[in-house]
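Here's a quick briefing to read with the structure open beside you.

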Amino acid sequence: MLDPYLTAQLRAIVGASHYRDDKEALIAHSYDGTPMLQALPDGVIYPESTEQVSAIMKALSFYKVPLVSRGSGSNLCGGTVPIQGGVVMVMHRMNRLLELDMDNLTATVQPGMITADFIHHIESLGLFYPPDPSSMRISTIGGNIAECSGGLRGLKYGTTKDYVIGLHAVLASGEIIRTGGKLMKDVAGYDLTKLLIGSEGTLAIITEATLKLIPPPKSKMTMLVMYQDLYAAARTVSAIIESKIIPATLEFMDNPTIRVVDDFAKLGLPLDMEAILLIEQDGDPETVARDIEQIRQICIREQADTIQVAATREEAERLLTARRSAFTALARLRPTTILEDATVPRSKIADMVRRINEISTKYNVMIATFGHAGDGNLHPTATTDARDVEEIHRVEQAFEEIFAAALELGGTITGEHGVGVVKAPFLEWKIGNTGISLMKGIKKAFDPDNLLNPGKMFAKETRKRVVIQYE
């Protein structure tokens with residue numbers, strides 16, 4: 001429990017109704033989208049301004065109480081589970097579009113704004129904000145920034161970090177910092193904006209973001225390509241990029257994913273296909289038509305079974321929505337769904353898919369694979385049951401080998417989900433001991449008392465690197 005004087009201060013800052021420590025509130029904020037992780041906080045607070053966040057942190061800093069900031073808690077790395085107790089700061093009251101600057105094509109927003117709401121509003125004004133995580137109907141802009149979220153359009157347009165050009169943030173001490181601004185060029189000192197993006201709430205609390213907007217594409221075409229050979233589909237991804245075509249979307253689904261997505265979305269997909277590629281190109285009409293025809297020829301060369309081009313925008317949106325529902329659809333199969341995001345260079349997609357399948361067979365676990373194949377970001381997803389301790393152990397072993405395989409192929413342990421708790425034991429595999437020491441030094445400079453999201457990013461001990469042998 002927190003000191004009564006502290007809770008009185010917190011209630012005075014935000015109002016009595018916006019600080020809660022009742023059982024319902026604590027339980028509701030004890031977990032996020034990550035399965036099998038839960039820890040109770042001591043209190044939950046709902047600020048409405050940067051100034052309130054600053055006052056809250058000054059109070060917590062005095063009492064040395066940890067804080068976890070969160071939006072909708074849709075992350076999949078345990079990033080917002082309060083594993084050391086303390087206070088959970090929920091940003092949903094800070095959900096306003098503060099400014100839309102048409103002269104500079106920027107938007108300034110608070111962190112609690114729902115991503116899809118922001119995107120739809122911007123598009124209604126004839127502008128475009130490309131980052132589109134699959135969780136965008138519930139995820140917040142602040143959460144996207146904390147995790148550096150990707151999305152289906154990441155291949156062509158980049159990820160969240162490419163569109164955040166300025167931030168207001170509050171340090172653990174309660175001091176307010178401002179980074180970047182409405183500038184396309186700014187090399188005044190270290191790039192603190194980029195440092196905070198993807199820092200998972202461990203360095204500062206983001207309270208305001210200036211986002212870059214761009215003109216929307218003039219036209220789009222969407223293609224669905226089906227394969228009897230899974231590896232031919234993976235080879236197609238590499239061949240498209242090698243031909244110097246960068247689609248707006250290049251998504252992959254294997255057979256188990258196809259089956260559950262079709263059952264969920266009722267698309268009438270052929271269930272005997274081993275893989276499907278969902279490809280979208282946008283831009284000028286002539287360029288789009290030319291690129292789609294070139295992609296069609298590549299798919300034919302790689303022995304695609306069926307190629308379909310969406311006849312209408314509604315049909316295309318239905319296909320894209322179905323792909324976004326893959327995680328939801330898989331979650332219907334068994335009580336526990338563990339979705340990961342091992343990422344490799346695009347040229348290694350076929351090799352990575354093969355290794356995932358071999359590892360799945362080795363440990364006798366059900367793993368469906370889908371993801372952003374165009375940028376090498378695959379989502380191997382295990383459907384299991386947390387009550388089956390022996391099976392969960394096999395799933396953990398399988399994912400450990402999948403991460404090791406990704407690194408051996410020149411990849412990484414996470415492309416967009418973040419490190420949090422889940423990937424912390426493997427971070428040293430990727431960046432080495434020197435990298436860990438450097439990151440800890442940065443954390444110490446921002447947060448000397450380790451109050452912001454403690455226990456995340458850095459593991460108490462590193463997992464021993466597994467050695468994988470393939471025939």
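Helix 7 (192–196) and helix 15 (427–446) each put at least two residues into the lining of the second largest pocket. Keep in mind that this is a predicted model.

**The pocket**
- The second largest pocket comes out at a volume of about 810 Å³.
- Helix 15 gives the largest share of its lining, with 6 residues.
- In total, 36 residues line the second largest pocket.

- To describe two packed helices, you give the angle between their axes and the distance between the axes.
- For helix 8 (residues 230–242) and helix 10 (residues 285–301), that angle is about 140°, and the axes lie 10 Å apart.
- Why is this pair called oblique? Angles over 145 degrees count as roughly antiparallel and 65 to 115 as roughly perpendicular, so helix 8 and helix 10, at about 140°, are oblique to each other.
- Helix 8 and helix 10 cross in a right-handed way.
- On the helix 8 side, the contact is made by Thr236, Ala239 and Ile240, while helix 10 brings Ile295, Ile298 and Cys299.
- By class, that contact between helix 8 and helix 10 has 5 nonpolar residues, 1 polar residue and no charged ones.

Terms used
Residues are numbered from 1 along each chain as its sequence is written. This is a predicted model: local features need pLDDT of at least 70, side-chain atom pairs count only at pLDDT 80 or more; totals for chains, interfaces and linings use all residues. Side-chain values use heavy atoms; hydrogens and water are left out. Axes are lines fitted to C-alpha atoms, for helices over the stretch in contact, and angles run from 0 to 180 degrees between N-to-C directions. Helices (H or I, at least four residues) and strands (E, at least two) are DSSP runs, numbered from the N terminus. Angles under 35 degrees count as roughly parallel, over 145 as roughly antiparallel, 65 to 115 as roughly perpendicular and the rest as oblique. A crossing is left-handed if the near helix is turned anticlockwise from the far one by less than a right angle, and right-handed if clockwise. Contact means heavy atoms within 4.5 Å. Ala, Val, Leu, Ile, Met, Phe, Trp, Tyr, Cys and Pro count as nonpolar, Asp, Glu, Lys and Arg as charged, and the others, Gly among them, as polar. On a 1 Å grid over the protein atoms alone, a cavity is a set of points where a 1.4 Å probe fits but cannot get out, and a pocket is an open set with protein on both sides within 12 Å along at least five of seven lines; lining residues have an atom within 4 Å of a point. Grid points are joined across faces, edges and corners, and a volume is the space filled by probe spheres set on the points.
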